[in-house]
Amino acid sequence: MKLKKGKALLVFAMGIITAFCLTACGSDDPQGNASGSAGDRQEGQGNSSSGQEDKSKGGYRFEVNGVELGVDMNMNDLLPRLGEAKSVFEAPSCAAEGISYTYSYAGFEIQTYPDGANNLISYIILKDDTVSTPEGIDLSKTRADIVKAYGEGGVEGDNQISYAKDGMKLNFIFKGEDMVSIEYVSGVMF
């Protein structure tokens with residue numbers, strides 16, 4: 001029974017991911033002007049240890065095996081520390097010109113967007129309860145647990161609670177009362 005529920009939740013989460021990716025190709029600008037491209041972002045730029053620009057901001061972070069991850073961080077710098085992904089998928093990017101990658105690890109997934117030679121994180125998606133946010137929220141938690149951990153400042157809808165911070169969003173996605181994914185989303189995606 002638990003395996004069936006896990007598979008159903010995985011299929012649902014993949015559907016949400018696909019919807020986000022397709023939505024990212026669109027524009028909120030009624031005149032069709034591109035907005036939020038990687039070249040337009042100037043806030044929070046600095047230098048990483050590799051000498052490349054680091055576009056990451058504060059925002060909410062995720063930590064796994066001692067590696068801190070955040071949206072807009074350069075995945076090229078993080079790959080050696082994360083270890084080999086279970087799978088890697090590449091496709092043309094909707095967020096910028098070039099190739100986007102999806103790295104699947106046990107319990108979570110990282111999606112990227114290109115920015116010159118950089119491979120920046122657009123999404124971090126927690127897919128099961130083997131991983132959690134630094135605040136202790138995993139997929140077994142309730143809406144009340146989320147509000148207790150993150151406060152009353154979230155925007156709540158029928159199927160999600162969303163918190164915005166430093167140009168990114170942290171989304172808790174539900175199907176009914178069951179949480180099906182936790183998503184760290186870069187501002188380039190909305």
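Trainee: Before we discuss the sheet, when do two strands pair?
Mentor: Two strands pair if DSSP finds at least two bridges between them. Please keep in mind that this is a predicted model.

Trainee: Which order do the strands of the open sheet have?
Mentor: The open sheet has 8 strands in the order S5-S6-S7-S8-S12-S11-S10-S9, and the pairing is antiparallel.

Trainee: And which strands stand at the edges?
Mentor: Those are strand S5 (87-92) and strand S9 (155-156). Each has a single partner strand, so one side of each lacks a neighbour in the sheet.

Trainee: How many bridges link S10 and S11?
Mentor: S10 and strand S11 (residues 168-175) are joined by 6 bridges in the antiparallel sense. As one example, Ser162 has Asn171 in S11 as its bridge partner.

Trainee: What does H3 touch on the sheet?
Mentor: H3 packs on the sheet and touches S9, S10, S11 and strand S12 (178-186). The direction of H3 makes about 15° with that of S10.

Trainee: Changing topic: how many aromatic pairs does the structure hold?
Mentor: There are 8 aromatic pairs. One of them joins Tyr60 and Tyr150 in an edge-to-face arrangement, with 5.7 Å centre to centre and 70° between the planes.

Trainee: Where do Tyr60 and Tyr150 lie?
Mentor: Tyr60 is in the loop between strand S2 (53-54) and strand S3 (62-64), while Tyr150 belongs to helix H3 (residues 143-150). The pair therefore ties together parts that are 90 residues apart in sequence.

Trainee: Are Tyr60 and Tyr150 buried or exposed?
Mentor: Tyr60 is buried, and Tyr150 is buried as well.

Trainee: What about Tyr150 and Tyr163?
Mentor: Tyr150 and Tyr163 form a tilted aromatic pair, at 5.4 Å centre to centre and 40° between the planes. Because Tyr150 is in helix H3 and Tyr163 in strand S10 (residues 160-165), this pair ties together parts 13 residues apart in sequence. Tyr163 is buried, as is Tyr150.

Trainee: Which residues form one aromatic cluster?
Mentor: Tyr60, Tyr150, Tyr163 and Phe172 form one aromatic cluster.

Trainee: What lies over the face of Tyr60?
Mentor: Lys165 does, at 4.9 Å from the ring centre.

Conventions:
Residues numbered from 1 in each chain as written. Predicted model: local features only at pLDDT ≥ 70, side-chain atom pairs only at ≥ 80, totals over all residues. Heavy atoms only, no water. Phe/Tyr/Trp six-rings, centres within 6.5 Å; stacked < 30°, edge-to-face > 60°. Helix = DSSP H or I, 4+ residues; strand = E, 2+ residues; numbered from the N terminus. Buried < 20%, exposed > 50% of the residue type's maximum accessible area, 1.4 Å probe, protein only. Lys NZ or Arg CZ within 6 Å of the ring centre and 35° of its normal. Contact = heavy atoms within 4.5 Å. Axes fitted to C-alpha atoms, helices over the stretch in contact; angles between N-to-C directions.
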